Amino acid sequence: MNHREERDTLGSIQVPYDKYWGAQTERSIRNFRIGPKGSMPIEVIHAFGLLKKASAYVNYQKGLLSSEKKHLISKVCDEIINGKLDDQFPLVIWQTGSGTHTNMNINEVISNRSHVFMGKHLGKEIPFIHPNDDVNKSQSSNDTFSTAMHIASYKILVEKTIPSVEHLKNSLKKKSHLFKNIVKIGRTHLMDATPITLGQEFSGYVSQIDHGLKFLKTTLNHLSELAIGGTAVGTGLNAPKNYDLEVTKYLSEWTGYPFKVAKNKFESIASHDAIVESHSAIKQIAVSLIKISNDIRFLSSGPRSGIGEIYIPENEPGSSIMPGKINPTQCESMIMVCTQIIGNDVSISIAGASGNYELNVCKPLLIYNFLQSSKLLSDSCLSFSSLCVDGIRPNHERIQHFVNQSLMLVTSLNNYIGYEKSAHIAKSAYLNNSTLKKEAIRLGYLNADTFDKIVDPSKMV
């Protein structure tokens, strides 16, 4: 491959001729051969495109950047935002904890791509736009990477994650209404309990997700705070007056989201509690979804030796050796996704605690895990809705069989004959493999008519 020479403060280094990045990016490629190449989330890169463009606009307005430089930077940023330069960002998340390498990757690509826009050749002339002095003007990696993290996080939650979770909630809500009159036996401790409707059971799932969504939405306020303008440690050194306000105004205008300047830039650079808080809400939803997924796969277990109270869609063969076997694969997939999210939350908690003095040094890991969780949760909710929940049907015969056989219907007798006599009836029915009604009559506690009047499952829900 043909190479060109690029230079930074450490000296010269060979860079692939057809790539727009420069010396600092190349050093990061060579020094951090850890994991898949290009693992830095593309959402962060696109957020950087917005930020660098807004910075160029404000620096121009402040008289710190010429009109020509502002125009060139903006033109490249538009390409970055639109995904046209995605292959120019090869860095991994396992780099400097501040994300400096990625910030410089962005700066170098903008510099060299602008150079080409001017009709010049890479490596043959000094670029008209300097990656540090022009593209990075009024900024530091510490405040720009933090800002890009929040932009990317906010956007994915609002555009992808929250709508997908709401879609699943609505699917479950429809089933709850549809099943509202189907009386079934409840279960506590995995043992028979008093009756409940299938709709009531599903309403609990709806409520779980609804609470998780409310929590997630409240975290958007903290996520909307941007660190830009804090530069290296939060003091704003080398940034002009009101630079932060004006950059944030552009970002809000272009995205349509209510971004605002961080109330305390020392907090927004040194810690990432907003990410920790928001991911905690994602984790809460994941915990709920594991419960819901397990319930659905247990309720559909069988088809002849399990509970089998509901039917779920038969999406694919379930076994390579057992013909005709169908498995609850959407439930299993959801459980694995949510388990991954819970694991990500542990990593985010530890990474969030790794802010020493004025800088958190696990920023790339934080945003990588956050975005992965957000995308996985979104995709899984849509898949679970369309390929499982929407196709759930009740097995009326099986449901009625369990209701008729349940010994816990005896609970309705408590207020009439007391707990002790009711327990006597239940134990006798179990030991004699009989029914509650037969034992109540045999023991002389109730006659048939009175039993039928009191023990009515439809009145117990």
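Guide: We'll start with the whole chain and then zoom in on one residue. Keep in mind that this is a predicted model.

Visitor: Fine by me. How many helices and strands does the protein have?

Guide: There are 18 helices and ten strands. The C-alpha trace spans about 105 × 50 × 35 Å along its principal axes.

Visitor: What share of the residues counts as buried?

Guide: Of the 461 residues, 51% do. The protein exposes about 21500 Å², with carbon and sulfur atoms supplying 52% of that area.

Visitor: And how do I read the contacts along the sequence?

Guide: Take contacts between residues at least 6 apart in sequence: 72% of them join residues at least 24 apart.

Visitor: What about charge? How many positive and negative side chains are there?

Guide: You'll find 50 positive and 43 negative ones, and the centres of the two sets lie 3 Å apart.

Visitor: Now the close-up. Is R4 buried or exposed?

Guide: The cut-off for buried is under 20% relative accessible area. R4 comes in at 4%, so R4 is buried. R4 lies in strand β1, which covers residues 3–8.

Visitor: Which side chain does the R4 side chain make a polar contact with?

Guide: That of E6, at 2.9 Å. Beyond its sequence neighbours up to four places away, R4 touches several residues, including Y17, Y20, W21, N112 and L122.

Key. Residues are numbered from 1 along each chain as its sequence is written. This is a predicted model: local features need pLDDT of at least 70, side-chain atom pairs count only at pLDDT 80 or more; totals for chains, interfaces and linings use all residues. Side-chain values use heavy atoms; hydrogens and water are left out. Helices (H or I, at least four residues) and strands (E, at least two) are DSSP runs, numbered from the N terminus. Buried means under 20% relative accessible area, exposed over 50%, partly exposed in between (1.4 Å probe, protein chains only). A polar contact is a pair of N or O atoms within 3.5 Å; within protein, one must be able to donate a hydrogen and the other to accept it, and residues adjacent in sequence count only if both atoms are side-chain atoms. Contact means heavy atoms within 4.5 Å. Accessible areas come from the Shrake-Rupley method with a 1.4 Å probe; for residues, only the protein chains shown count as cover. Lys and Arg count as positive and Asp and Glu as negative; His and the chain ends are not counted. The place of a charge is taken as NZ of Lys, CZ of Arg, CG of Asp or CD of Glu.
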